[in-house]
Amino acid sequence: MRTPRTESPDGYSYRYSDAASESQTWELQFRGLGHSERQAIEDHFKAAEGRHRPFAYVDPAGNLLLWSEDLSAAVWNKGPLLQATPGYTDPMGGSSAWRTVNTSVADQRLTQILNCPQGYTYCFSAYVRSDVVDSIRLVQSVAGSSLLKERSTGPAWRRVWLSGAPGQGGEGVEFGLELAAGSAVEVFGLQVDAQPNPAVYRRTTNRGALIQNARYADDSLQFTATDNNCFETTIRLTVTGIHT
């Protein structure tokens, strides 16, 4: 991050961090690529015209959700009769769990919509518990299609997840939890991974792992053939400025 410095006429020096200049770079090392995989990378690189055009990048090592431990944030959509109360003991020994209670006679949802490709395989996960044996549904949905999985809950914390590709094309996927009428479940560590299985939980605030304005950091690609139909390469991606 750049640190501008200015000096006033009376001799005082002022410094501040320039968030607009912040940059982040990923170095992706690929091994054992086949011809079709190499071609897919080259086609994407050509479509982006090297460093010229930005594109959405899903960081495979991060949590795509925003505000994973603040269910009062505007990014979370709550059913009108779903209560969410913070400050409960979480499975990591802190007090970042939320108690969700459905006070209505119909199902209520807690969801977040991400502007990510619908055809990817995602894993939505959360830690859950309840004072008595209960259940909760995990949801991945797009327009006209939903994936749902019901999981039981009890006094001990357990991590539950739902994996799948909710759609075929387009962008925009809704992830969340659904509580039946009268259910009361404590939740913590909501996470979406761009892979079939849950990764280690990563807390997020106003930034997640979905990067909308990434670019290639170089104007050329170099592939090395290590065997018949077997290639390797290293690709660098970068993003500059505040991103979400």
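## Aromatic pairs

Tyr120, Tyr122, Phe124 and Phe175 group into one aromatic cluster. Rings of Phe, Tyr and Trp (its six-membered ring) pair if their centres lie within 6.5 Å, and planes under 30 degrees apart count as stacked, over 60 as edge-to-face and the rest as tilted. This is a predicted model, where local features need pLDDT of at least 70, side-chain atom pairs count only at pLDDT 80 or more, and totals for chains, interfaces and linings use all residues. Residues are numbered from 1 along each chain as its sequence is written, and side-chain values use heavy atoms, with hydrogens and water left out.

By the ring rule there are eight aromatic pairs. Take Phe55 and Tyr216: their ring centres are 5.1 Å apart with planes at 50 degrees, so this pair is tilted. Phe55 belongs to strand β4 (residues 55-58) and Tyr216 to strand β15 (residues 210-216), so the pair ties together parts 161 residues apart in sequence. (Strands are DSSP runs of E, at least two residues, numbered from the N terminus.) Phe55 has 14% relative accessibility and counts as buried, which here means under 20% relative accessible area with a 1.4 Å probe, protein chains only. Tyr216 is buried too, at 7%.

Phe124 and Phe175 make a tilted pair as well, 6.4 Å centre to centre with 40 degrees between the planes. Phe124 sits in strand β9 and Phe175 in strand β13, so this pair links parts 51 residues apart in sequence. Both Phe124 and Phe175 are buried.

## Two cores

Phe124 and Phe175 turn up again in the largest nonpolar core, which has 30 residues; they are among the members touching the most others, along with Leu64, Val187, Leu190 and Val192. A nonpolar core is a set of buried Ala, Val, Leu, Ile, Met, Phe, Trp, Tyr and Cys residues joined through side-chain atoms within 4.5 Å. Strands that each give this core at least two residues include β8 (108-117), β10 (134-142) and β14 (184-193). A second, separate core has 16 residues, including Trp26, Ile41, Ala214 and Leu237.

## Around Ser104

Ser104 is in the loop between β7 (97-102) and β8, and is buried at 12% relative accessible area. Its side chain makes a 2.8 Å polar contact with that of Asn102 (N or O atoms within 3.5 Å; within protein, one able to donate a hydrogen and the other to accept it, with residues adjacent in sequence counting only if both atoms are side-chain atoms). The Ser104 side chain also reaches the backbone oxygen of Ala106 at 2.7 Å.

Technical notes. Buried means under 20% relative accessible area, exposed over 50%, partly exposed in between (1.4 Å probe, protein chains only). Helices (H or I, at least four residues) and strands (E, at least two) are DSSP runs, numbered from the N terminus.
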